[in-house]
Amino acid sequence: MIPPRRGDLDCVASERTSAVRAEEEVESMAPGSLIVVGTGIRTVGQLTTEAIAWMRIADRLLYLVSDPIAADLIMKLNPEGAESLQGFYAEGKHRQQTYDEMVEHILGRVREGHITCVACYGHPGVFATPTHEAIRRAKAEGISARMLPGISAEDCLFADLGIDPGVHGCQSYEATDFLINRRQVDPTSSVILWQIGALGNATFQREGYDLSALPLLVDRLCTIYPTDHTVCLYEAAILYGCEPVVVRLPIRDLTRADLNPVTTVYIPPARRPTPDLSLYNRLLALAPDFVRADSSNRHQAPPLVGTGSD
Amino acid sequence: MASAELRAFLSGLAADPERLGVFIRDPDAVLAASDLDEDDKVAVLSGDPAALQARLHDSEITPFPSILQFAIMLIVQFRPAFPQAFSQAFSQAFSQTFSQTFSQTFSQTFSQAFSQAFAQAFAQAFAQASGQVLPSASSDVNADIGDAGAPADHPEDGT
């Protein structure tokens, strides 16, 4: 069945509201606009109704998605306007060049006067260079451009590993960036390193990446954490009904781990923070309500997770 | 053989929350009512990513990259700070070296030229002024000034 397009939005009640709102926004937009949406990490269940609505009503629907289910859905939602951006990739081609060409292509469609929707897997603005650049340049040209949030791999990680970034804080780095730019981490907070399976690679490789630089990263981590500190390798589930990949191992064993480009490393806090008692007392004096919140002891002794054999 | 019907079935769930809700509540019933073949139904219920991928990716139906290949497509472009760090280090080193060299050369040249010119002018003036009174003194004065104003022999003085 080919789903209806603009003007015939009668699929689902909840979707209808978003679609009507999107339609109204379209009416108020000048010709040629850009909307960037995410399809989630797992298409079944993580697509927002507003993203579906925009994909359906767009004149051009450019997409870069992580699974054939999303691609199938996009082709159904907008059979006339759907166009994959996959062709911009080539073996050994520098990613920056690919992204530049993508951005130019996207803006080309917008400049032609089309309502252009770009759909990317996950959150379209998280670890996604060309989408941000396309929006930035569109706005610089006076073109209406906007991004809608989607469900990112980090969102999946928080849910699957049961981590609340508000408890210990959370630092998040791209692995190569962490290594070469001397990023400083706080071992009392959670740390997430992305794309460890593509460490030190700046080109597209269809069959995976050379990881001979991995020991450099492990050496660096071992200067910050005890070598037996337990970390977690994580891969979000992409397909419905499947479980995420979660592997716990000591930090020193990372070089022997089975990594792929979508593997993420979650590093739990290694020690407790040192409270500033002076500030703590000043806070108590100024904010009596804090006493009640503090009665849970959360601010004084946050639980440690992931240390030792955890 | 993989199934285009399986892709259609799952993408149908993705676009329709009501249908997805029915599937979550009773997957067996929804699958039984679908037109999926038995292998697809088994794959859907297996929870096995490899089995599902095998059913979803069939080059005979459509040349579709594997999920992993897709997943690495939008990989973020890391931004090494090397160019910035390099230019900072270079400009620092350059300015330091330049200022050192310049000050060395300048002071050396200046003091040499100045002392030479000064000595010559002073000697000339002194000789002119005092020549008639102390005709034999000019050579001594010249010699004294020449020794004192010889930074070229002691380049470290100018630094």
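Residues are numbered from 1 along each chain as its sequence is written, and chains are lettered from A and ligands numbered from 1 in the order in which they are written. In this predicted model, local features need pLDDT of at least 70 and side-chain atom pairs count only at pLDDT 80 or more, while totals for chains, interfaces and linings use all residues.

The domain assignment of chain A, with bounds taken from an automatic or database assignment, gives domain 1 (13-151) and domain 2 (154-267). Between them, 17 residues of domain 1 of chain A are in contact with 14 residues of domain 2 of chain A (contact: C-beta atoms, placed from the backbone, within 7 Å). On the side of domain 1 of chain A that touches domain 2 of chain A, helix H2 (43-46) and helix H5 (95-111) of chain A each supply at least two residues. Helices (H or I, at least four residues) and strands (E, at least two) are DSSP runs, numbered from the N terminus. The residues on this side of domain 1 of chain A comprise 7 nonpolar, 5 polar and 5 charged; Ala, Val, Leu, Ile, Met, Phe, Trp, Tyr, Cys and Pro count as nonpolar, Asp, Glu, Lys and Arg as charged, and the others, Gly among them, as polar.

Chain A contains an open sheet of 5 strands with parallel pairing, in the order E3-E2-E4-E1-E5 (two strands pair if DSSP finds at least two bridges between them). Strand E3 (82-84) and E5 of chain A stand at the edges with a single partner strand each, so one side of each lacks a neighbour in the sheet. From one strand to the next, the twist averages 20°. H5(A) packs on the sheet, where it touches E1, E2 and E4 of chain A, and its direction makes about 150° with that of E4(A). Axes are lines fitted to C-alpha atoms, for helices over the stretch in contact, and angles run from 0 to 180 degrees between N-to-C directions.

Strand E1 (residues 33-38) of chain A is joined by 6 bridges to strand E4 (residues 115-120) of chain A, with Ile35(A) and Cys117(A) as bridge partners. A further 4 bridges join E1(A) to strand E5 (residues 144-147) of chain A, and Val36(A) stands opposite Met147(A). Because 6 of the 6 residues of E1(A) are buried, this strand is largely enclosed by the rest of the structure (buried: 20 or more other C-beta atoms within 10 Å of the residue's own, with C-beta atoms placed from the backbone). Ser33(A), Ile35(A) and Val37(A) point one way from E1(A), and Leu34(A), Val36(A) and Gly38(A) the other way.

Strand E2 (residues 60-64) of chain A pairs with E3(A) over 3 bridges and with E4(A) over 5 bridges. Leu62(A) has Glu83(A) as its bridge partner in E3(A) and stands opposite Val118(A) in E4(A). Both faces of E2(A) are covered, with Arg60(A), Leu62(A) and Leu64(A) on one side and Leu61(A) and Tyr63(A) on the other.

Helix H3 (residues 49-57) of chain A is mostly covered, 8 of its 9 residues being buried; Trp54(A) and Met55(A) are among them. In the largest nonpolar core, which has 94 residues, Leu34(A), Met55(A), Ile74(A) and Ala119(A) touch the most other members. Such a core is a set of buried Ala, Val, Leu, Ile, Met, Phe, Trp, Tyr and Cys residues joined through C-beta atoms within 7 Å. Residues up to four places away in sequence not counted, Ile74(A) touches Met55(A), Leu61(A), Tyr63(A), Val65(A), Ala82(A) and Ala119(A).

Conventions:
Buried ≥ 20, exposed ≤ 12 C-beta atoms within 10 Å, placed from the backbone. Contact = placed C-beta atoms within 7 Å.
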